[in-house]
Amino acid sequence: MKIVAGGASPLLASRLATLLKTELAKTTYREFPDGELYVKIEGIEEEDVIVVQSINTNNDLVQLLLIFDALTNRAESIVAVIPYMGYARQDKLFSEGEAISIRAVARLIESYADKVVTVNIHSKEAMGYFKKLIHLDAMPLLGKFYEGRSITMISPDLGSLERVRVAAAHAKCRFDYLEKTRLDEETVVIKPKELGVKNEDVVIVDDIISTGKTIAEAAKLVLEAGARSVECACVHAVLAKQALNRLYSAGVRRVVATDTVEKPISEISVAELIASALKS
Ligand code: R5P
């Protein structure tokens, strides 16, 4: 068995290789002058292959497709580990005539992969488009990261409440939630609410930080409610459009994420979670 580290997930792939006592295949990734991608995978000979590649950008998706192609007639089987499944937020028709992006992505991936492993995909609807999916929850890891600290966890919206409940159970702390309305991709409004966080250290927990506007709005409310400090934690640090600056400007002291998307703030690894799923 070999692991192919996609260009988006080199660190996580090598952590998995160590845990699974497996070799990494030799890979070459290049970009042509016109922006097209080039992929070469060496040393695969009729064996099972685990491909590790998050989809955080369009190039990540195209590179994944080319990795699958490079494995044609060489891999006995392919397990696609896609720690961050991009395109999952367009998981239904919001208006007539739209593409259901995750349906297209699911069809593409499953036309090559024998199994797909992902972590905290955006929604149950998104999950429903896959037939061979193993879905993993990193919320217990976020919770354990804070275990022993006297904090209150806050979900920025009802959609994340169940996730935060799980994280808070592992952190052994109290939790509450806010109510968010999304007006468009870049505008969120969060209703003020009695939170009972006066002089508390608060950690806002979400699945994804994209623009950071959700957490920034939530942080302002929490600080206005008298919290002593506010940090935030997420599974997928997409961090689009100066998200970290936005968060620190809103008063967030620390931002922590897993390594599903590899960023300097990826302090928590999902490698063991994925490795044990692959072993079983
Ligand atoms: C939304 O349903 C998700 O759980 C996140 O709250 C959202 O994707 C965060 O986006 P942004 O960081 O752009 O506000």
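Axes are lines fitted to C-alpha atoms, for helices over the stretch in contact, and angles run from 0 to 180 degrees between N-to-C directions. Helices (H or I, at least four residues) are DSSP runs numbered from the N terminus. The model is predicted: local features need pLDDT of at least 70, side-chain atom pairs count only at pLDDT 80 or more, and totals for chains, interfaces and linings use all residues. Residues are numbered from 1 along each chain as its sequence is written, and side-chain values use heavy atoms, with hydrogens and water left out.

**Exercise 1.** Describe how helix H1 packs against helix H9.

*Solution.* Step 1: the axes of H1 (residues 10-20) and H9 (residues 271-279) come within 9 Å and cross at roughly 50°. Step 2: H1 is therefore oblique to H9, given that angles under 35 degrees count as roughly parallel, over 145 as roughly antiparallel, 65 to 115 as roughly perpendicular and the rest as oblique. Step 3: contact means heavy atoms within 4.5 Å; Leu12, Arg15, Leu16, Leu19 and Leu20 of H1 meet Ala271, Glu272, Ile274, Ala275, Leu278 and Lys279 of H9.

**Exercise 2.** Characterise the packing of helix H2 with helix H3.

*Solution.* Step 1: H2 (residues 58-70) and H3 (residues 101-110) pack at an angle of about 20°, and their axes are 10 Å apart. Step 2: the two helices are therefore roughly parallel to each other. Step 3: H2 contributes Leu61, Leu64, Leu65 and Phe68 to the contact, while H3 contributes Val105, Leu108 and Ile109.

**Exercise 3.** Describe the interface between domain 1 and domain 2.

*Solution.* Step 1: the domain assignment, with bounds from an automatic or database source, gives domain 1 (2-137 + 270-279) and domain 2 (140-259). Step 2: the contact takes 12 residues from domain 1 and 12 residues from domain 2. Step 3: the C-alpha centres of the domains are separated by 28 Å. Step 4: the domains bury about 1,100 Å² between them, 53% of it on carbon and sulfur atoms; buried area is the accessible area (1.4 Å probe) that two parts lose on being put together, summed over both. Step 5: in domain 1, Tyr84, Asn120 and Val270 lose the most area to domain 2, together 40% of what that side buries.
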